Amino acid sequence: MKPFTYVVPRSLQEASEAGKQPDTVLKGAGVDLIDRMKERLQTPTHVVNLLPLKDALAGVAVEANGELRIGALTTLTQLEQHTALAGRAFEGLRLATGMTATPQVRNRATVAGNILQFTRCWYVRSEAHRCLHGGRGPTCLAMTGENRFHAVLGWQDCVRVHPSNLAPPLLAMGAEYTTTLGDKVTRRKFADLFPAEPRAQNPEHTLLPGEVVTAIHVPPQPAGARSFYCESREKLSFDWATTACAVRLVMDGDTITAADLVLGAVAPVPLPRPNAAKLLVGQKASEQLFQKVADAAFAGANPLAHNAYKLTVGKAIVRDALSHATRQS
Ligand SMILES: Cc1cc2nc3c(=O)[nH]c(=O)nc-3n(C[C@H](O)[C@H](O)[C@H](O)COP(=O)(O)OP(=O)(O)OC[C@H]3O[C@@H](n4cnc5c(N)ncnc54)[C@H](O)[C@@H]3O)c2cc1C
């Protein structure tokens, strides 16, 4: 690992100011970042450790207006086990969190770090390869190489996929996030965290240097709200998803009155599928409806040489998520 200075900030502003300096990275628990530094894929001169700010930036709370506030440095275990996530409205977020990695990783890894983790594309994460997204080569090597885990939707010149389990349910639930940059506090829609044009030269997220995510906010859910999350993977334990689907529905009796559907692990960003979700509104649950929605969720897919299976498996995952979300009890 290349030597670096380790910055231990005493305040959020100090962390942000330090993070603005050239060649500087912010660190949550370091599960992803330190891995990349050990591989010399990222060689910062300064590392700003955010963990000393845990008192202010960790924890889950239900605000007076019913909104759920998730501190950026909350661990995945704290989030999964929080009583506020106990009901059906938050089931999707709870499941996505509990399916992430291993108990050891979940005990350390932070919510913000999970959402902002770097893609798992084996070309960009390998020192031996020179790929376009890493800024070290002329082309996306996965496009013509070994691409069974890569994108089938929404890709342009780079077929990486967004690896976060938490991002799809948070998007489906209409979350927002707050950041601090110097002394400026900004709150934005969760979708703004990801590039609108996920091209190779764009990073995984839209944060500016030194911009610290401080909290995620999930709006209060109406009566009849439910959510669910399903994913496929190669291994049953501690593996990233090959396809994922988060749904959030509002039910009035057995009729669906509102719906959101977001796919994970199939595109360079977590991918909302509003045209598929729309098909659910005003309908009652049925296998035929879920098949139609699943087909619409993957409409326009453009699979690569080794990943057409993602269409078949991904559609089954959409059907499963809908079937669980609409179950009677
Ligand atoms: C064996 C294994 C299996 C895994 N399986 C899964 C899985 O199935 N699904 C899944 O989603 N993930 C999985 N992961 C990934 C893991 O969840 C992430 O690496 C972890 O959540 C990162 O959190 P962290 O706090 O360690 O972030 P760090 O590694 O510290 O940071 C990650 C990135 O986020 C940035 N960052 C962190 N916090 C902030 C902040 N507050 N503001 C601004 N920028 C910030 C950092 O600069 C860095 O770029 C797995 C990891 C391992 C080791």
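What follows is a dialogue on how to read some features of this model.

Student: What kind of model is this, and how are its residues numbered?

Tutor: It is a predicted model, in which local features need pLDDT of at least 70, side-chain atom pairs count only at pLDDT 80 or more, and totals for chains, interfaces and linings use all residues. Residues are numbered from 1 along each chain as its sequence is written.

Student: How many strands are in the sheet that holds β1, and in what order?

Tutor: First the terms. Helices (H or I, at least four residues) and strands (E, at least two) are DSSP runs, numbered from the N terminus. Two strands pair if DSSP finds at least two bridges between them. Here three strands form an open sheet in the order β1-β3-β2, and their pairing is parallel. β1 (5–7) and β2 are the edge strands; each has a single partner, so one side of each is left without a neighbour in the sheet.

Student: Which residues of β2 and β3 are bridge partners?

Tutor: β2 (residues 24–27) and β3 (residues 46–49) pair over four bridges, in the parallel sense. Among the pairs, K27 has N49 as its partner, and V25 has V47.

Student: What does the chain pass through between β2 and β3, and what is the hand of the crossover?

Tutor: A crossover is right-handed if, with the strands pointing away from the viewer, the path from the first strand over the helix to the second runs clockwise. From β2 the chain goes through helix α2 (residues 33–38) to β3, and this β-α-β crossover is right-handed.

Student: Which strands does helix α1 lie across, and at what angle does α1 run to β3?

Tutor: Axes are lines fitted to C-alpha atoms, for helices over the stretch in contact, and angles run from 0 to 180 degrees between N-to-C directions. Residues are in contact if their C-beta atoms, placed from the backbone, lie within 7 Å. Helix α1 (residues 12–19) lies across β1, β2 and β3, and runs at about 160° to β3.

Student: What is the strand order in the sheet with β9?

Tutor: That open sheet has four strands in the order β9-β10-β11-β12, with antiparallel pairing. Its edges are β9 (225–232) and β12 (271–272), each with a single partner strand, so one side of each has no neighbour in the sheet. β9 pairs with β10 (residues 243–252) over eight bridges, in the antiparallel sense, and A225 stands opposite V250 in β10. Helix α5 (residues 91–98) packs on this sheet and touches β9 and β10; its direction makes about 25° with that of β9.

Student: Why is α5 described as largely enclosed?

Tutor: A residue is buried if 20 or more other C-beta atoms lie within 10 Å of its own, exposed if 12 or fewer, and partly exposed in between; these atoms are placed from the backbone. Six of the eight residues of α5 are buried, so the helix is largely enclosed by the rest of the structure. The buried ones are G92, L93, R94, L95, A96 and T97. Their cover includes α4 (76–81), α9 (167–172), β9 and β10.

Student: Is S227 buried or exposed?

Tutor: S227, in strand β9, counts as buried because it has 26 C-beta neighbours inside 10 Å. Leaving aside neighbours within four places in sequence, its contacts include G92 and L93.

Student: How many residues of β7 are buried?

Tutor: Of the six residues of β7 (residues 184–189), the number buried is zero, so this strand lies largely in the open. β7 pairs with β6 (residues 176–181) in the antiparallel sense over six bridges. The hairpin of β6 and β7 has two residues between the strands, and G182 takes a positive phi near 65° there.

Student: What phi does A101 have, and where is A101 found?

Tutor: A101 has a phi near 50°, positive in a residue other than glycine. A101 is found in the loop between α5 and α6 (103–108).

Student: Which residues are closest to the ligand?

Tutor: A residue is near a molecule if its C-beta atom, placed from the backbone, lies within 6 Å of it. Here 30 residues surround the ligand, and the closest are G28, V31, A109, G113 and L116. α7 gives the most to this shell, with four residues.

Methods. Contact = placed C-beta atoms within 7 Å.
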